[in-house]
Each structure stands twice: as structure tokens, then as C-alpha cells.
Amino acid sequence: MKKVKAALPLAVSLALGLQALPMSTSTVQAEASANAAQHSAKVEYKRANSFLTNLANGKTKEATRYFSRILQSKMSEDNLKTWWSSLTAQLGAVKKIGTAVQGEVNTVHRNVEIPIEFEHASATLTVRFSQNRQMDDWRIVPEERQFSFSRPPYDTPKNYREKQLSIGKAPYELPATLTLPTRSKHQNVPVVILVHGSGPSDQDETFMSLKPFRDLASGLASQGIAVLRYNKRTYEHTAKMSGESKISVDDETTDDAVLAVKAMAKQKGIDSRNVFILGHSQGGMMMPRILNQTPDKSVRGSVLLAAPSRTLPELMLEQFAYLVSLNQLPKEQLSFFQQQFAILQDPSFSPAQPPKEFLLGTPYFWYDLAHWHPAEVAKSQHTPLLLLQGGRDYQVTTEDFEGWKQSLSQRSNTSFKLYPKLNHFFTEGTGEKSTPDEYAVSANIPSYVIDDIVKWVRETQK
């Protein structure tokens, strides 16, 4: 990290006679900008604290005072009351509210973070503000142990630059980062768009001590290939998404990937003939649908990392059984999901009117996943595919990898590679099968995976 020089103390400045120097216009503008930002932050801190304090005191109506119009349309007072009741039922009443601090500022939101101590656990509330300082969303995450992250040896910052931009539009505009090779200033370059796995995820796909999307961005851009990554909709717009009554997998994954493809086709510095898309886990599983919904021939090729070829419920039951064997999941949880997934497979199940026994919520989302067969759909598609799989992955196993091979055996433009040492996040480990504890160890995607993707993109591009 670069060291930033501190401003000279006033006494030293006076002694050097600097007080006689005229203040430049740029300095005045910088100070004005800093003052405006400081004022904005104070307003946001006050509003974030007001929201939380009113909730803690049972004043739900007052808590909505600074909601943006979009948030008001998605999150009613009754929904807010239900959410808070559910949260405190799990974590207990609020015991202490910490000091608000400035969080990330991106192209969509300015974030304020407030630590909270509940009776049974601690958590951090992130309140998201629009550019006009209205409260636009929030998410709360239980306090976890601190994890360290490492830069991979192939990350060469001098070889790339990063540009902040946005994907989509209100109400679900997403902040994104385009990592561009520096040597490409006078030529258009291919781009790889990254699509996340399941669950809320930031643009680095951060999980414990791993940031696989950051590794991919720096690794590919260091070798001349641009990379676009963005915050997932369920991460950046958590509260608004929870207020939606018919959330589908397309809402969570497919739609934003399609918007990203369209955006890159128009992006300055990007070769619109060579837009690639890489999906990890659920992102890879949804790739056939993403390709079906993108404009014809707008995607030159797709990379699938640890992509399920089976339905997600099949996969999850296998995962849960393995976790039970490690004593990392109660048997009762496995039984619960077995019952719930059996309900989804009932021919009479309707997501519009799910039976009262169905307790997973978001019925459209689960129904879609229970009946989506990605490898079957990919049979009739024509976009070149590169499928990569970790041999030690317990979440998406080699059975899925073989499923893709079998389904795509009649296609000539597919490539497959199995890495014996890698887990679900494509970091190395030992033993026949990885465990969740492995993700707590700081690690990076190996250079040979980066090199394989670079080689395939170069061979496949027009």
C-alpha cells in the first residue's frame, strides 16, 4: 500500500513562509469537495442512527422517515416490522449501538456501517444511501472472525488499471469494476464477465479468506484480457430484494449477467466481437439460460467453473450429507431439506400457491432450481465452452463434471479440464475431499488456472 504524506502541521507551514503562497483553484475545489463530503457523511451517520434507534425502540413508522421512494415501494412498514421481529427473535434485543463509520463508496451507494451488540450475538448493519442522501437499502451481517487476504504472485498492478462503473438501472443498478490492461490504451481488448455463485456476494466473490473474482480480474488483466465484475443484486439491494414477492433465479443471477454482456458490447476499449462470460458454481449452472437470453452471437465463449450439471436440490442434499458426516451439520437439518425438496418435486406443487408445509420461502426461486437441467439445455447450443473442475470439490463434484462431458459429447467446441488439487473456489489443498475449514486459509487461484483461461480465450477469440 502506498504511504500517503500527511499535511504539514500549521506551525511548520508558517515557519516555512507557506502562508504567503496563493491558494490554487484546484486546492480550493479540493477543499470544497472534502467539506461537502464531510457534511454528507454527517447527515448519513445521523440518518442511519435514526433508522436503527427507532427500530430498537419499536418505532417502525419513524424508522422509514428517510427511505428513498424506491425503498418505500419495496419495503412496507409491516414488512419492516416483520423483518426486525424475526431478527431480534434470533439475536435478542439490542444492548448497545456502536459508532457509525464510513463504509464503501461506490457508483451506486454511499455506505455507513454501525456495529450492534445484541443479547446473543454482535453484528454490523450496513446502511446504503443514494447520491441524494436518501436511505436506499441495508443489510445486516453477524460478526465473524477477521480473515486475511493475500495477493497472488501473478497480480501485476502496473499492467492494468481499474474503472468504476454501473450495470443496469434503478431500482437494481449495480456497482461494477472494469479491470483494463494498461497496454490496451490504443486498441480494443477481449473481456471476461464474471458471474457469481449462490447467495449474496460482492464483486470479488469474497468468502472467508478467499477472493476468487479479484484473483481472476488481476490475473487475466495482467495478461491483456479485461475483466468485469459487479456486486450481486442480493448483496447490493438486500432489503429491496427481500420485499419482492416473486424472486426468481433470473432476478438473482441471469438478468444482471445479460445486462453486463450488453454493457460490455458498447464499452469503450472493449472488442465487442470478443465478449466472454465466466460463471462460477450457480453462475455456471445458469450459463445455458444466460446464453439463451443474450443477443444472438454477442457472447464469443463461456467458461464454467465448478458448474452443477444436476438440479440444485440434488446437489445440496449430497453436500449436506457430507457435512453431516463431518459433524458440521445436524442430521435434523438434512432431514428438513429432504422433506422440503420432496415437496418441490410433487407434480401438484405450484409456486403461486405453495402448500403450508413448504417453509423455504421464495417458492418461484426454489421451483425453478428444482426443475432446471443445465447440461440438457446446453446440448443444443453452439457457443464455445471451457469447463473447469476441482477434483477435491465437495460442493460441486466430479459427478457433475462427468455429467457435462456426457451431455456435451456430441459437441465439438467444448473443452474440459480437471485439477486434482483444487476445491470449489479453485484453491489448492490436501486430502481426497476438501472441507469448509479450508476456506478460512488465505489462498489464491493458482497461476496455471489463469494461464489455461488466458490460452483458451486467445484461441477462441475472433
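Me: What is the strand order of the open sheet of eight strands, and what is the pairing?
Reply: Strands here are DSSP runs of E, at least two residues, and helices are runs of H or I, at least four residues, numbered from the N terminus. Two strands pair if DSSP finds at least two bridges between them. In this predicted model, the order is 6-7-9-8-10-11-12-13, with mixed pairing. Strand 6 (160-167) and strand 13 (414-419) are the edge strands, each pairing on one side only. For angles, axes are lines fitted to C-alpha atoms, for helices over the stretch in contact, and values run from 0 to 180 degrees between N-to-C directions. Neighbouring strands of this sheet are turned by 20° against each other on average, direction ignored.

Me: What numbering and which confidence limits apply?
Reply: Residues count from 1 along each chain as its sequence is written. The model is predicted, with local features needing pLDDT of at least 70, side-chain atom pairs counting only at pLDDT 80 or more, and totals for chains, interfaces and linings using all residues; side-chain values use heavy atoms, leaving out hydrogens and water.

Me: How many bridges join strand 8 to strand 9?
Reply: Three, between residues 189-195 and residues 226-230, and the two strands run parallel. Val192 stands opposite Val227 in strand 9.

Me: Which helices pack on the sheet?
Reply: Contact means heavy atoms within 4.5 Å. Helix 6 (residues 212-222) touches strand 6, strand 7 (174-181), strand 8, strand 9 and strand 10 (270-280). The direction of helix 6 makes about 160° with that of strand 9. Helix 17 (residues 447-460) also packs on the sheet, touching strand 8, strand 10, strand 11 (301-305), strand 12 (385-390) and strand 13. The direction of helix 17 makes about 170° with that of strand 12.

Me: Which loop holds Pro171?
Reply: Pro171 lies in the loop between strand 6 and strand 7. A cis peptide bond joins Ala170 and Pro171, with omega about 10°. Another backbone feature is Met208, which has a positive phi of about 55° although it is not a glycine. Met208 sits in the loop between strand 8 and helix 6.

Me: How many aromatic pairs does a search of the whole structure find?
Reply: Rings of Phe, Tyr and Trp (its six-membered ring) pair if their centres lie within 6.5 Å; planes under 30 degrees apart are stacked, over 60 edge-to-face, the rest tilted. The search finds 21. One of them, Phe51 with Trp138, is tilted: 5.0 Å centre to centre, 50° between the planes. Phe51 lies in helix 2 (residues 25-56) and Trp138 in strand 5 (residues 135-142), so the pair ties together parts that are 87 residues apart in sequence.

Me: Which residues line the largest cavity?
Reply: On a 1 Å grid over the protein atoms alone, a cavity is a set of points where a 1.4 Å probe fits but cannot get out; lining residues have an atom within 4 Å of a point. The lining consists of Leu174, Val195, His196, Tyr230, Lys232, Arg233, Glu252, Thr253 and Asp256. Its largest share, three residues, comes from helix 9 (residues 249-265).

Note on methods. On a 1 Å grid over the protein atoms alone, a cavity is a set of points where a 1.4 Å probe fits but cannot get out, and a pocket is an open set with protein on both sides within 12 Å along at least five of seven lines; lining residues have an atom within 4 Å of a point.
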